[in-house]
Amino acid sequence: MKRLVLTMLVLAGVCACGKDDIPAKGGEGNGSGQVTPAPKPEEQKPGEGQPEEQRPSDVEMAMRGVAEWRVKPEVYYKALDIEALEQSEALDFAQLRPLVRLYMVSEEGKTYDFTEDDLAKVALHEVRYSAERGELSFRLVYNGVKGRDRVKLEFSREEYYACRFEVNTPFVSGHYMQGVFRHAEAFLGDLMTYDTERYLPELHSKGDDARRNSMSITFKIYDRKTNRDLGVFVTKDFSGFKSLESLLSALEIYSSVEVHDLAVAAMSKYKEGTDLVRMLAARMANQKWMQKMEYATGGVQLDYSEEKSDAHSPAVEVIKGQQSRLDVFLSRPQWRLKRAEVVDRDLHLGVALEMVNGVYVENRIYEIVIPHVVKK
């Protein structure tokens, strides 16, 4: 009996332990009925334990350095003085620094851009300019280490001087192209803005496009200070002139004494019922009435004449300005009489200009009145 009771007490004690006295998986009991959590693995920071990318050495920076322009050509051509480059090595990296991008190319082809700290350690050595090759070159010095190969930058002598001459837009937009083209040598100093104390342009050749109202000029440059021919030819294009339409709108045509006399003689033979336009058109063409009219624009008298472009060319009709209006020039005008009628004693003509300067003209009719051509 005693043995049975003892066995029952032992079993009751085991059940009283319960789950609280059994260590949880992954943790240990702490003697207070609570389980200590298992420690979490430490989190690794990004890049920690990874090998750092090796920074190029000073030797690599000097030996494998590359330069390229980081600004537009007109910026670096205006920033540097080619004449100083041609005469000496007078180029400091401080002048070049805002104009170029410097970087290093590794053997594997990877690039490394020079930082601001790197650029502060850069200097130039053996600076040279070659006009024949059109390049500026130097040896790169980085932190006292001199590069072996020359670093090269494109630098055209022609483009350098072209940047010294800019189109004078206000002048161009205020003048007519054909007259300016014809007198290009006289207008050369007005067409461009440049250092007139330093440079002297001389006309070499020219070309025009009447349909596009544009022209081009090629000129050579002299150094005024030394009277030296710089051996450079620059070509500039000019567009945006006052239009031919605006010139034709401003053109004024009046009868002259000579035309009046011709009209009186013609009308004295006119018979009622005949085609007045047809009769007058033949006489106007044969007697060159339009050449004998008076022309003006903006109150300035114009000249209508025949002239040759050179000794071997036939003479052509031209309407041109003088002195202050040399930009006015109309070549080979083609006229057609469209209307003719007598009002009181005056002859009223509607004359169309159909072509001028090699360009067809539309809807340009000039009203010309020849007074007192019919007797009472």
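Tutor: A polar contact is a pair of N or O atoms within 3.5 Å; within protein, one must be able to donate a hydrogen and the other to accept it, and residues adjacent in sequence count only if both atoms are side-chain atoms. This is a predicted model, in which local features need pLDDT of at least 70, side-chain atom pairs count only at pLDDT 80 or more, and totals for chains, interfaces and linings use all residues. Residues are numbered from 1 along each chain as its sequence is written, and side-chain values use heavy atoms, with hydrogens and water left out.

Student: Which backbone nitrogen lies 2.9 Å from a polar atom of the side chain of D223?

Tutor: That of K225.

Student: Is D223 buried or exposed?

Tutor: Buried means under 20% relative accessible area, exposed over 50%, partly exposed in between (1.4 Å probe, protein chains only). D223 has 5% relative accessibility and therefore counts as buried.

Student: Which residues does D223 touch, not counting residues up to four places away in sequence?

Tutor: Contact means heavy atoms within 4.5 Å. On that basis D223 touches E83, R198, R228 and L230.

Student: How is the packing of two helices described?

Tutor: One gives the angle between their axes and the distance between the axes. Helix 12 (residues 257-267) and helix 13 (residues 276-287) pack at about 140°, their axes 11 Å apart. Angles under 35 degrees count as roughly parallel, over 145 as roughly antiparallel, 65 to 115 as roughly perpendicular and the rest as oblique; helix 12 and helix 13 are therefore oblique to each other.

Student: Which residues make the contact?

Tutor: Helix 12 contributes L262, A266 and M267, and helix 13 contributes L276, M279, L280, R283 and Q287.

Notes: Axes are lines fitted to C-alpha atoms, for helices over the stretch in contact, and angles run from 0 to 180 degrees between N-to-C directions. Helices (H or I, at least four residues) and strands (E, at least two) are DSSP runs, numbered from the N terminus.
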